[in-house]
Amino acid sequence: RLERGDFQPGDRILLLVEEERALSDTFEVRLDRTIALPMVGTVSLAGILRSELEDHLRGSVDELVGLGLRAEEAFLVAVISSSAPDYKSGRTNEQAS
């Protein structure tokens, strides 16, 4: 397990929450490995793997906003750009596109 998690400063995460449009946007990972969500505040991504991201954000949103999100409700999380280096070329994924 990566101590710092999968997310690097500059990574961009798309969040879509059907029940709360104010939370639906693209958020950039800050230098301290956090993102700032409206209504929620700062959410740490330190130690979080990509496979854990949706559950982590769903839990943070549910706990801090109290939406009572059920598993079947539309809650989409996607990493839309990553600053992680492509070790074969030495470029970031953004530079490669």
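Entry 1: I looked up the accessible surface of the protein chain and found about 5,800 Å². Carbon and sulfur atoms hold 47% of this surface. I noted that the model is predicted. I then looked up burial: the protein chain has 97 residues, and 32% of them count as buried.

**Entry 2: the order of elements.** I recorded seven strands and two helices in the protein chain. Along the sequence I read the pattern β-β-β-β-α-β-β-β-α. I also looked up how far apart in sequence the contacting residues lie. Among contacts with a separation of 6 or more, 44% join residues 24 or more positions apart.

**Entry 3: the core.** Which residues of the largest nonpolar core touch the most other members? I found Ile13, Ile35, Leu37, Leu45 and Leu57, in a core of 18 residues. At least two residues of this core come from each of strand 1 (12–17), strand 3 (34–37), helix 1 (53–65) and strand 5 (75–81). I noted the general background that nonpolar side chains tend to be buried together in soluble globular proteins.

**Entry 4: strand 1.** I examined the two faces of strand 1. Ile13, Leu15 and Val17 form the covered face, while Arg12, Leu14 and Leu16 form the uncovered one. In a regular strand, side chains alternate between the two faces of the sheet.

I next looked up the pairing of strand 1. Strand 1 runs antiparallel to strand 2 (residues 25–28), with four bridges between them. Strand 1 is also antiparallel to strand 5, and six bridges join these two. I followed Ile13 in both directions: its bridge partner in strand 2 is Phe27, and its bridge partner in strand 5 is Val79.

**Entry 5: Thr34.** I placed Thr34 in strand 3. Is Thr34 buried or exposed? I classed Thr34 as buried because its relative accessibility is 6%, and the cut-off for buried is under 20%. The side chain of Thr34 makes a polar contact with the side chain of Asp32, at 2.6 Å. Beyond neighbours within four places in sequence, I found Thr34 in contact with Glu28, Val29, Thr42, Val43, Ser44 and Leu45.

Note on methods
Residues are numbered from 1 along each chain as its sequence is written. This is a predicted model: local features need pLDDT of at least 70, side-chain atom pairs count only at pLDDT 80 or more; totals for chains, interfaces and linings use all residues. Side-chain values use heavy atoms; hydrogens and water are left out. Buried means under 20% relative accessible area, exposed over 50%, partly exposed in between (1.4 Å probe, protein chains only). Contact means heavy atoms within 4.5 Å. Accessible areas come from the Shrake-Rupley method with a 1.4 Å probe; for residues, only the protein chains shown count as cover. A nonpolar core is a set of buried Ala, Val, Leu, Ile, Met, Phe, Trp, Tyr and Cys residues joined through side-chain atoms within 4.5 Å. A polar contact is a pair of N or O atoms within 3.5 Å; within protein, one must be able to donate a hydrogen and the other to accept it, and residues adjacent in sequence count only if both atoms are side-chain atoms. Two strands pair if DSSP finds at least two bridges between them.
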